[in-house]
Amino acid sequence: MSSQNPYEQLGVTEASSFDEIQDARNRLFAEYEGDRKQQELVEAAYDAVLMDRLRLRQEGKIKVPDRIRFPEKTVKPPPSPSPAPTASNSTWLQRLVDTPSQKDILLPAGVMTALTAGVFLIPSPSEVAQQQLLQFLLVLGVGLSFYFLFRKERKLGRSVLLALAGLIVGLSLGYMVSYLLKAQLLGIGLPPEALAAAATFLVLWLVSSFLR
C-alpha cells in the first residue's frame, strides 16, 4: 500500500470530491480497525491528499465547497427554547358556556315566554298594580333561572351569580332600548318597564340555557 500514491492508497482520484475522499478514509479506517500501522498509513495518505488539494486550490485548479471554506455556516444554531405554554384567555369562557340539550333549551324558553306573555296580557287595574305584577314576574323569572342553572351543575354560588347577572344585564338592556323607543312606546301605551321586563326574560333564557 505504501508504494502507491496517496490517492491510490485511499482508492480515489484527483477528480474525487472532498466527501468521496473523506468517505474513503473512514471506510479504510473501519476496515483496518485494530491494525494501527495500516491506520497510520491511511491517515498519512489522507493528510497528503488534503495537502495536495490545498495546493490545487491555491493554484485555482479546484473549487473548495463553501461548507469547507466556511464551516461555521454549517453549524446548526441551538434550537430556540419553546415558549412556555400559557393559559388560554378563553379557558374561563369555555368553562362557562354550556352545550345544552334540546330539553335544556325548550323548557326555559317555554317558561320565559309564558312570563313575557304575562307582562303584556295580564290586565292591571292601576299603575301600582302593574308595577307589582312586573316585580313579581321578574322575581319569579330570576328564581326559575336559578333553578335551571343549579340543576345542571349543582353549583349554588355560580347559579345565584349567573341568575343575578342575567337580571342586571336584562334590565339594563331593556331600559336602554325603552329609552331609544320611548316615543313609540308612548304611542301604543306600553310602559317602558314592560319592555325592560321582556328583555330581561330573554336574557334569563339565554343564561339558563347556554351558561353553566
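The largest cavity is lined by Leu149, Glu153, Lys155, Arg158, Ser159, Leu162 and Arg212. A cavity here is a set of points, on a 1 Å grid over the protein atoms alone, where a 1.4 Å probe fits but cannot get out, and lining residues have an atom within 4 Å of a point. Helix H7 (127-153) and helix H8 (156-180) are the elements that give two or more residues to this lining. The model is predicted, so local features need pLDDT of at least 70 and side-chain atom pairs count only at pLDDT 80 or more, while totals for chains, interfaces and linings use all residues. Residues are numbered from 1 along each chain as its sequence is written, and side-chain values use heavy atoms, with hydrogens and water left out.

**Cavity**
- The search of the whole structure finds 1 cavity of 30 Å³ or more.
- About 30 Å³ of space lies in the largest cavity, a volume being the space filled by probe spheres set on grid points that are joined across faces, edges and corners.
- H8 gives the most to the lining, with 3 residues.
- The lining has 2 nonpolar, 1 polar and 4 charged residues. Ala, Val, Leu, Ile, Met, Phe, Trp, Tyr, Cys and Pro count as nonpolar, Asp, Glu, Lys and Arg as charged, and the others, Gly among them, as polar.

**Overall make-up**
- The protein has 10 helices and 0 strands; these are DSSP runs numbered from the N terminus, helices (H or I) of at least four residues and strands (E) of at least two.
- Of the 212 residues, 30% are buried, meaning under 20% relative accessible area with a 1.4 Å probe, protein chains only.
- Among contacts with a separation of 6 or more, 69% join residues 24 or more positions apart; a contact means heavy atoms within 4.5 Å.
- The protein exposes about 14,200 Å², and carbon and sulfur atoms supply 62% of it. Accessible areas come from the Shrake-Rupley method with a 1.4 Å probe.

**Nonpolar cores**
- The largest nonpolar core has 23 residues, and those with the most contacts inside it are Val119, Leu137, Leu162, Ala197, Phe201 and Val207. Such a core is a set of buried Ala, Val, Leu, Ile, Met, Phe, Trp, Tyr and Cys residues joined through side-chain atoms within 4.5 Å.
- Helix H6 (102-121), H7, H8 and helix H10 (192-210) each supply at least two residues of this core, and its largest share, 7 residues, comes from H10.
- Apart from this core lies another, of 11 residues, including Tyr7, Ala24, Val49 and Leu56.

How values were computed:
Buried < 20%, exposed > 50% of the residue type's maximum accessible area, 1.4 Å probe, protein only. 1 Å grid on protein atoms, 1.4 Å probe; cavity = no way out; pocket = protein on both sides within 12 Å on 5 of 7 lines; lining within 4 Å.
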